[in-house]
Amino acid sequence: MKSDKIVIANWKMKLNLAQTVDLAKKIKTKFKNFNKGELAICPNFISLLEVGKILKDTNIALGAQDVFWEELGAYTGEISASMLVEAGCSYVIVGHSERRQFLMENYEMIHKEIKAVLAQEDLTPIVCIGENWEERKTDRRDFVLFDQLQQALSGLNIVGDQKIIIAYEPIWAIGSGTAIEPAEAEYAHKIIKLTLNDMFGMKTVDNNFKIIYGGSINSENVKGFTNLENMDGLLVGGASLDANEFYKVASAILK
Ligand code: PGA
């Protein structure tokens, strides 16, 4: 799994259906002759089918922004992993910090969501972890990352070529306009890698995991993130809402 880096666009709840379709078309055109690495776009739920049609026959994958852990049943408002596959998704963001902040999602729930996603053959979870400002300021980041990984992934049996993407997203950097310093990201990714190695063994981590960074990446600061160790790609919010800007970010990382 290691060979290709991935750049994932997270459009959050920032665009309505018409704007989403328009941006997806622009991105499709912009990336027409682009065949490096992997690309994925995560629009809102109601746009998945339309964006899926636009991305058909491109090498840009479709992703969702959230998933519920049960398969079917009386869970008003929720969407299951198999429904996402049916809608054409190959990726799904799990436990984004905005959901942890505004919807009280916790790592017990995130753990169940990851399990539900891994039960689908071709659906890859993008598991979000990351410390808040207070935790960083008080030097607790390493423990927070370790603890979040343990809670999210403990007991999972990773088999075959099942893929898991860990998105390191320091909460204080998301949407702030200021990304983390590249050296600090490299350090945090090392902590994540060592923790995963401990939990699953180096071979599984090398084959099945990617570690990507998210938080205020744009076409200017992306240059610092191109040659870092254990940096397998990016999760991009704001900068993915403009086709040209997103192209610059993706082409800086995917070579
Ligand atoms: P941002 O968002 O790039 O706008 O900071 C990233 C994310 O929340 O995934």
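Which residues of β6 lie on one side and which on the other, and are they buried or exposed?

Analyst: This is a predicted model, in which local features need pLDDT of at least 70 and side-chain atom pairs count only at pLDDT 80 or more, while totals for chains, interfaces and linings use all residues. Residues are numbered from 1 along each chain as its sequence is written, and side-chain values use heavy atoms, with hydrogens and water left out.

On one side of strand β6 are I164, I166 and Y168, and on the other are I165 and A167, all of them buried, where buried means under 20% relative accessible area, exposed means over 50% and partly exposed lies in between, with a 1.4 Å probe and protein chains only. Because 5 of the 5 residues of β6 (residues 164–168) are buried, the strand is largely enclosed by the rest of the structure. Strands such as this one are DSSP runs of E with at least two residues, and helices are runs of H or I with at least four, both numbered from the N terminus.

The neighbours of β6 come next. Strands of a sheet pair through backbone hydrogen bonds, either parallel or antiparallel, and two strands are taken to pair here if DSSP finds at least two bridges between them. Strand β5 (residues 124–129) runs parallel to β6 and is joined to it by 4 bridges, with I126 standing opposite I165. Strand β7 (residues 209–214) also pairs with β6 in the parallel sense, over 5 bridges, and there the bridge partner of I165 is K210.

These strands belong to a closed barrel of 8 strands with parallel pairing, in the order β1-β2-β3-β4-β5-β6-β7-β8. Neighbouring strands of this sheet are turned by 25 degrees against each other on average, direction ignored; axes are lines fitted to C-alpha atoms, for helices over the stretch in contact, and angles run from 0 to 180 degrees between N-to-C directions. Strand β1 (residues 6–10) pairs with strand β8 (residues 233–236) in the parallel sense over 4 bridges, and I6 has G233 in β8 as its bridge partner.

A helix also covers this region: α8 lies across β5, β6 and β7, running at about 155 degrees to β7, where contact means heavy atoms within 4.5 Å. Within α8 (residues 182–200) is I191, which counts as buried because its relative accessibility is 17%. The C-alpha atom of I191 is separated by 19 Å from that of K5, a residue 186 positions away along the chain.
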